[in-house]
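Keep the model open as you read.

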Amino acid sequence: MDFTPTEPQAEARGLAARIFADLATHERLRAAGTGSDPELWKALSAAGLVAAVPELGLLGLVLLLEEQGRTTAQVPYAASCVYGQLAITAHGTAEQRERLLPGIGEGSLVVTGAFPAQPTVRPSGRGRLRGAVPVVPWLRDATHVLVADAERELWLVVLGEGTGIEEAELTAPWSAGRLTLDDTPAEPLGSGTPSRPGAYADVLATARTAFAGLQAGVCAGSLARAVAHTNTREQFGRPLATRQAVQLRAADAHMDTEAIRVTAYEAAWRRDAGLPYATHALTAAWWASEAGQRVVHTGQHLHGGAGADVEHPVHRHFLWGRQLDAYLGSGGEALQELGELIASAD
């Protein structure tokens, strides 16, 4: 296996890093509150960083999401690329790809996902859905939502007729909402119902891998802020970074961040290579959950009293890290599912 980015992937990552650094500033993030930044979303779309995702592959997307995570930029990038670009490219019909992918790529259509499968969501016949999803990230920004029903079938829903959206608060500012489906028109992802075999498992594994990449970026950003702080903050005439206890905490956080990154890279690379990757996606999800929360706690702790200030930039990394450690399943749930998957393969 080779995780070295291709030339297009490296160029896209460099461009994304510049856009996020320029527009996802502390002042703009503070002004956005719990909402997203439409100007940043337009800039990413205009630069082709949404439309290029199918060509860049999941590994390319993971590299781009790392850059988003470093700045905690408030845009529905991961959701629209995973549940829109990659899901429709892999499992949609030719007509769905032709109809939806251009709009998603240019940013005029935003897709999010109601995942994992919701036991309360069921088809009501005639291509309609009933039920409710308590929390859907980026729902308030979305035009479409990919819904997984109780039978793990996938449906594309246009938000509007027969849908109710109520604002929901999450730990991180992800423009989330509660989705209510009341005999809502829906179309199956792919040709006919049930949807393509394995589509649900593939989309969920793709999402776990992508959001693990996002967590790697969040952790890297938190650690970078902590290193900068401890190198400049002095105590008893010496920088905090010269203290052995500080060095050990930072070293542990660095190793945890690398573990999240490399497991996400491996899962993404295997998907792009057409290899089985379900267990690898769960491994990445476990590291993102268990190690991710350790890193963002360390980042906040190494800031001392400043880390307790909810207005401090490092606090956003803490909020994102804690949100990501439970999204799509906690570490314990990922570990149980991984064990069951390995046992069933024996």
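Thr 72 is found in the loop between α4 and α5. Helices (H or I, at least four residues) and strands (E, at least two) are DSSP runs, numbered from the N terminus. Thr 72 is not a glycine, yet it has a positive phi of about 50°. Most residues other than glycine have a negative phi, and most peptide bonds are trans.

This is a predicted model, in which local features need pLDDT of at least 70 and side-chain atom pairs count only at pLDDT 80 or more, while totals for chains, interfaces and linings use all residues. Residues are numbered from 1 along each chain as its sequence is written, and side-chain values use heavy atoms, with hydrogens and water left out.

Now look at the helices on either side of that loop. Two packed helices are described by the angle between their axes and the distance between the axes. Helix α4 covers residues 53-71 and helix α5 covers residues 77-91. Their axes come within 11 Å and cross at roughly 170°. Axes are lines fitted to C-alpha atoms, for helices over the stretch in contact, and angles run from 0 to 180 degrees between N-to-C directions. α4 and α5 are therefore roughly antiparallel to each other (angles under 35 degrees count as roughly parallel, over 145 as roughly antiparallel, 65 to 115 as roughly perpendicular and the rest as oblique). From α4, the contact uses Val 53, Pro 54, Leu 58, Leu 61, Leu 64, Leu 65 and Gln 68. From α5 come Tyr 77, Ala 78, Cys 81, Val 82, Gln 85, Leu 86 and Thr 89. Contact means heavy atoms within 4.5 Å. By class, the residues of this contact are 11 nonpolar, three polar and no charged. Here Ala, Val, Leu, Ile, Met, Phe, Trp, Tyr, Cys and Pro count as nonpolar, Asp, Glu, Lys and Arg as charged, and the others, Gly among them, as polar.

Next come the sheets. Strands of a sheet pair through backbone hydrogen bonds, either parallel or antiparallel. Two strands pair if DSSP finds at least two bridges between them. Strand β4 (residues 144-148) pairs with strand β5 (residues 154-158) over five bridges, in the antiparallel sense. Val 147 stands opposite Trp 155 in β5.

Four strands also form an open sheet in the order β2-β3-β7-β6, with antiparallel pairing. Its edge strands are β2 (122-123) and β6 (163-167), and each pairs on one side only. Strand β3 (residues 128-136) and strand β7 (residues 177-185) run antiparallel, joined by seven bridges. Arg 130 faces Asp 182 in β7. Between β1 (111-114) and β2 lies a loop that holds Pro 116. A cis peptide bond joins Phe 115 and Pro 116, with omega of about -10°.

On a 1 Å grid over the protein atoms alone, a cavity is a set of points where a 1.4 Å probe fits but cannot get out, and a pocket is an open set with protein on both sides within 12 Å along at least five of seven lines; lining residues have an atom within 4 Å of a point. Grid points are joined across faces, edges and corners, and a volume is the space filled by probe spheres set on the points.The largest pocket has a volume of about 430 Å³. Its lining counts 19 residues, and Arg 152, Leu 204, Arg 208, Leu 282 and Glu 337 lie nearest its centre. α7, α9 and α11 (331-345) each supply at least two lining residues. α11 gives the largest share, six residues. The lining divides into 11 nonpolar, three polar and five charged residues.

The second largest pocket holds about 210 Å³ of space. Among its lining residues are His 26, Arg 30, Gln 74, His 315 and Arg 316. α2 and α10 (313-324) are the elements that give two or more residues to this lining.

The structure holds two cavities of 30 Å³ or more. The largest cavity has a volume of about 90 Å³. Its lining includes Arg 208, Phe 211, Ser 289, Asp 325 and Tyr 327. α7 (199-232) and α9 (278-301) each supply at least two residues of that lining. Arg 208 also belongs to the lining of the largest pocket.
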